[in-house]
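Hi everyone, thanks for coming along. Let's look at one structure together and walk through it piece by piece.

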Amino acid sequence: MFQSPATEPLDLQAFKSTISLPYRLTPGKAMGSFIAELSGQRIVGSRCRTCNRVEVPAQDFCQCGSDDHELVIVPSKGKLTGFTETPHFTLGTVRLEGADCDLMHHLCGEIEWVIGQSVEVVWSDKVESTMRDMLGFKACIDTELQVIQALTDPKQFLDSMPTSLTLDYHHAQGPYYGRLFDEMQSAGRIMGIRCSHCQSVLLPPREMCDICYEKTGTWVDVADTGVLQAFSIIHLKFVGQFREPPYVYAEVMLDGASTKIIHVLEVSNIERAHEFLKPGMRVQAVWRKELKGSLGDIEYFKLLEIPSF
Ligand SMILES: [Zn+2]
Ligand SMILES: [Zn+2]
């Protein structure tokens, strides 16, 4: 029968982490021209030769499907067509003079915004060759209509630019991994959980036995010594690695556990590891001095026997 864990975790563990996705953005020729020309304080649109529509920022394809267009300079003034206020900033959509679509950007200045307000671009002092070369729009008084001009001397368009997405998150361990990591940090011991049906000791501990699909129940101590079950010598670099290759990736069955954990095996002679490492060799965990409550509290595993060549 299912028994709940004997104790609740000392402190439910969570860790903070970040996923970072760096990449190069290829904006395309028209958008690349728009971004490149911002550094010269020029707003570049595209005028379709088929339907006459003016898009800002410039687009390689018109909504009518045509790719036949010329690049044009659009006046840096227009009318506010919509806005949204947040506690930190105000975003507005602006229909620049002569354009057939709205451009979204920050609205600068603490004023009572109204739709229809005349606005003009606020340029940044710094040139970054990004959308930030425009700080946004500020209110201005109505002036005479300016005209769109063909862009006669385009700068080299920006073909790509480095950018990155980052996702910050907290990962909650839950009561089973939580207790495992609590015990590692506070007592330097490793605990598995015994299945009440097939008696397997699962490590890491989990609520359901993945051998017989029954609920697990009893916490048990597992040794920090065990048997090397399988290994791989890693020579390739890849994203997310904690160590510099070459190193040995090891699957270890700890004494008292019925399932394997994955860790690193440190050997003195990595060049010859493929000759002397054999499944079945005895290994032991080497703990870090400062325990933080994760599998990383075990720095690596070491061989308990002298390898024979
Ligand atoms: Zn068109
Ligand atoms: Zn079971």
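Let's start at a hairpin: strands S16 and S17 form one, with 6 residues between them. In the turn sits Gly256, whose phi is positive, about 100 degrees. A word on names: helices (H or I, at least four residues) and strands (E, at least two) are DSSP runs, numbered from the N terminus.

Before I go on, please keep in mind that this is a predicted model: local features need pLDDT of at least 70, side-chain atom pairs count only at pLDDT 80 or more, and totals for chains, interfaces and linings use all residues. Residues are numbered from 1 along each chain as its sequence is written, while chains are lettered from A and ligands numbered from 1 in the order in which they are written.

Val252 stands opposite Ile261 in S17. On another side of the story, S16 (residues 247–254) is joined to S15 (residues 225–234) by 8 bridges, and these two run antiparallel. Ile234 has Tyr247 in S16 as its bridge partner.

What do these strands build? The bridge partner of Val286 in S19 is Tyr300.

Now, let's look inside. The largest nonpolar core has 29 residues, and those touching the most other members are Leu203, Val222, Ala250, Val252, Leu254 and Leu265. Such a core is a set of buried Ala, Val, Leu, Ile, Met, Phe, Trp, Tyr and Cys residues joined through C-beta atoms within 7 Å. Buried means that 20 or more other C-beta atoms lie within 10 Å of a residue's own; exposed means 12 or fewer, and partly exposed is in between, with C-beta atoms placed from the backbone. At least two residues of this core come from each of helix H2 (174–187) and strands S12 (190–195), S13 (201–202), S15, S16, S17, S18 (282–287) and S19 (298–303).

Which residues does Leu203 touch? Not counting residues up to four places away in sequence, Leu203 touches Gly192, Val222, Leu254, Ala257, Thr259 and Ile261. Contact here means C-beta atoms, placed from the backbone, within 7 Å. Apart from this core lies another one, of 24 residues, with Phe34, Ile35, Leu96 and Leu158 among them.

S5 (residues 77–85) and S6 pair in the antiparallel sense over 7 bridges, and they form a hairpin with 4 residues between them. Gly78 stands opposite Leu96 in S6. S6 (residues 90–96) also pairs with S7 (residues 103–108), antiparallel again, over 4 bridges. Thr93 has Met104 as its bridge partner in S7, and Val94 has Leu103. S6 and S7 form a hairpin with 6 residues between them, and Gly98 in that turn has a positive phi of about 90 degrees.

Is helix H1 (residues 29–38) mostly covered or mostly uncovered? Mostly covered: 8 of its 10 residues are buried, including Phe34 and Ile35. The buried residues of H1 pack against strands S2 (43–48), S4 (69–74) and S9 (134–139).

Finally, let's step back. The protein chain has 3 helices and 19 strands. An automatic or database domain assignment gives the bounds of domain 1 (27–159) and domain 2 (224–309). Their centres, taken over C-alpha atoms, are 58 Å apart. The radius of gyration is 31 Å, whereas a compact globule of 309 residues would have one near 19 Å; it is taken over C-alpha atoms, and the globule rule is 2.2 Å times the number of residues to the power 0.38. Buried residues make up 27% of the 309 residues in the chain.

Notes: Pairing = 2+ DSSP bridges. Contact = placed C-beta atoms within 7 Å.
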